[in-house]
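Thanks for making the time this morning. I would like to walk you through one structure, so please have the sequence and the model open as I go.

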Amino acid sequence: MKFMKLGSKPDSFQIDGDNIRYVATELTTDMLVNVGSVKFYLHKFPLLSKSSHLQKLVSNTNEENTDEINIHDIPGGPAAFEICAKFCYGMIVTLNAYNVVAARCAAEYLEMYETVEKGNLIYKIEVFLNSSIFRSWKDSIIVLQTTKSLCPWSEELKVVSHCLDSIASKACIETARVEWSYTYNRKKLQSENGHEPLWNGVRKLPTVPNDWWVEDLCELQLDLYKRVITTIKAKGRISSDVIGEALHAYALRRLPGFSKGVVQGGDVLKCGSVVETIVRLLPTEKGSVPCGFLLKLLRATISLECGEVERHELMRRISQQLAEATVVDLLIRAPADETTIYDIDIVQSLVEDFLTNEQTAQTDPLIESELQEIRSPRFGTDVSKASVAKLVDGYLAEIARDPNLPLPKFVNLAEMVASFSRPSHDGIYRAIDMFLKEHPGISKSERKRICRLMDCGKLSAEACMHAVQNERLPLRTVVQVLFFELVRATTTTGNSTPDLPGSIRALLPGSGSHGSSRSTTTNTEEDWDAVPTAEDIKALKGELATLRLGSGGVGSNRSDGPKSINADSAAANKKGLIMSKKIFSKLWSSKDRSGSCEISSSETSESPGSTNAEETKSSTPSARSGRHSLS
């Protein structure tokens, strides 16, 4: 920290109690100066020789026959006046970043100009400010903090504006020219980790990060911080992403619990002002702030009940970068008066805005170009849609755990991204399964409705294995899964899909095509209500296992050569295709039976991926009856 010593005489100011100051000298004091609650017993000559204002006050007291002067409105109070008084006596006084502004304002109040005496206090302080304080990074920040309690004097004397310009200029300087100390704890540099980079065996100088100035500015109060950031942005030499980093760091410092997405404790009004100010300071440049940071700000605006303007601005920005969000980011708690755990309406609004942006971009090349600038380079239009679909699938799986979640909200949100192409439907299946598990009391028609969201043809082998054992799924869904497993198996062996009767294909997606199950909604209630016996499903699974063995598993234990393997595989495949056709016919005819076979299990279905490996080893029908227990 920079400092300046003035005067050469020893400090002879004495203290008597809390409210009396006097000069220890042989000369009797001849004036009393009241500054606030403190009384200063001083001598007229040294003070009047340097202060024009005291001269005027003394002349007035002479007319009133009194030696007492009252200056209760001096900026900086008794401490600042004492510095000025010591300077008048020629005593040693030390100026630094903490007291220099108060001394400058008090000297201005006392009118200690050069016209009164050469080398007066105002002149010396100005030299100190310009030659030392404003050239120091940390001293400039400290001085700016002290100006808050000295307004409007510090504003009128341009101390604040000089501090702002000094700080902004240093923040905008090239990192190679940064030669002063700064605080940087957010990210460890290589040199700080003991891994200093070498160049041709010579240790390189440590690199100064672009956001080196961010943490030091977090010490500023909100109004001063806002002015500093505004000044930095006005200079136009700092990239928008660094400005975003600065705002993020300030939010972490000033909002307790912000890193966890929930603002807890602290003054609600003060925290609300911080959030609103940060939102207004967000860079206008596209994609300059991470989506996760924006979503945390959105959470804060909701919990702190900030203005609607800030909330709508955040939602507009988030919808443009929604593909970059994570499921955890979207888990925003619902208001206390809501029955659900999470605020689904917020997420639905974000997805709606995303869809609107995508539809507008298709017709307006300019908007499409702007959206591409906003998004990360790895998110093209198709990739962005697939990412949002995956995001919504994951979000649905989380909110499905809420027993109070209404089915329409689940279905409506899922249908919003139904048209988005994605390679796998494992995510939406996991969400559906979780919903069915947590809502066992929903009706049969509701189960049908939710299962229509899933394309059985896009389930992975692991998900299919889980689905055919899942007793919570309707029959039609299980049949579709088995059918696509059959298609996958026959494709692997190089054979064609069996020619199934039209009555069976009515159960299958796409009216005979192998398309999405979501495209078929005209099936009759009887189609859904057809119930196979456990033996039917076991038999079909056995045939699927036979096809798999025929595609490669048979040959693993044979030693008769390639011809024998091929012959056995072809025979197994042919037999499997014939049997599969009969089994599908049997499944269809089962709906006409007088009583349906109740399929139950004492076990509960686990999530895809947790299926016991032992259940898949044998293709022999298990003695247990139930869809889940099949292997």
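How many residues does the largest nonpolar core have, and which of them have the most contacts inside it? Bearing in mind that this is a predicted model, the core has 166 residues, and those with the most contacts inside it are Leu42, Ile71, Phe81, Trp213, Leu217, Ile232 and Phe410.

Let me take Trp213 from that list, which, leaving aside residues up to four places away in sequence, touches Trp137, Ala171, Ile229, Ile232, Ile238, Val242, Ile243 and Ala246.

The axes of α8, residues 159-171, and α10, residues 222-235, come within 9 Å and cross at roughly 55°, which makes α8 oblique to α10, and the crossing is right-handed.

Finally, I would like to turn to helix α11, residues 240-254, where Ala249 has its place. Is Ala249 buried or exposed? With a relative accessible area of 7%, Ala249 counts as buried, because the cut-off for that term is under 20%. The C-alpha atom of Ala249 is separated by 6.9 Å from that of Glu215, although the two residues are 34 residues apart along the chain.

Technical notes. Residues are numbered from 1 along each chain as its sequence is written. This is a predicted model: local features need pLDDT of at least 70, side-chain atom pairs count only at pLDDT 80 or more; totals for chains, interfaces and linings use all residues. Side-chain values use heavy atoms; hydrogens and water are left out. Axes are lines fitted to C-alpha atoms, for helices over the stretch in contact, and angles run from 0 to 180 degrees between N-to-C directions. Helices (H or I, at least four residues) and strands (E, at least two) are DSSP runs, numbered from the N terminus. Angles under 35 degrees count as roughly parallel, over 145 as roughly antiparallel, 65 to 115 as roughly perpendicular and the rest as oblique. A crossing is left-handed if the near helix is turned anticlockwise from the far one by less than a right angle, and right-handed if clockwise. A nonpolar core is a set of buried Ala, Val, Leu, Ile, Met, Phe, Trp, Tyr and Cys residues joined through side-chain atoms within 4.5 Å. Buried means under 20% relative accessible area, exposed over 50%, partly exposed in between (1.4 Å probe, protein chains only). Contact means heavy atoms within 4.5 Å.
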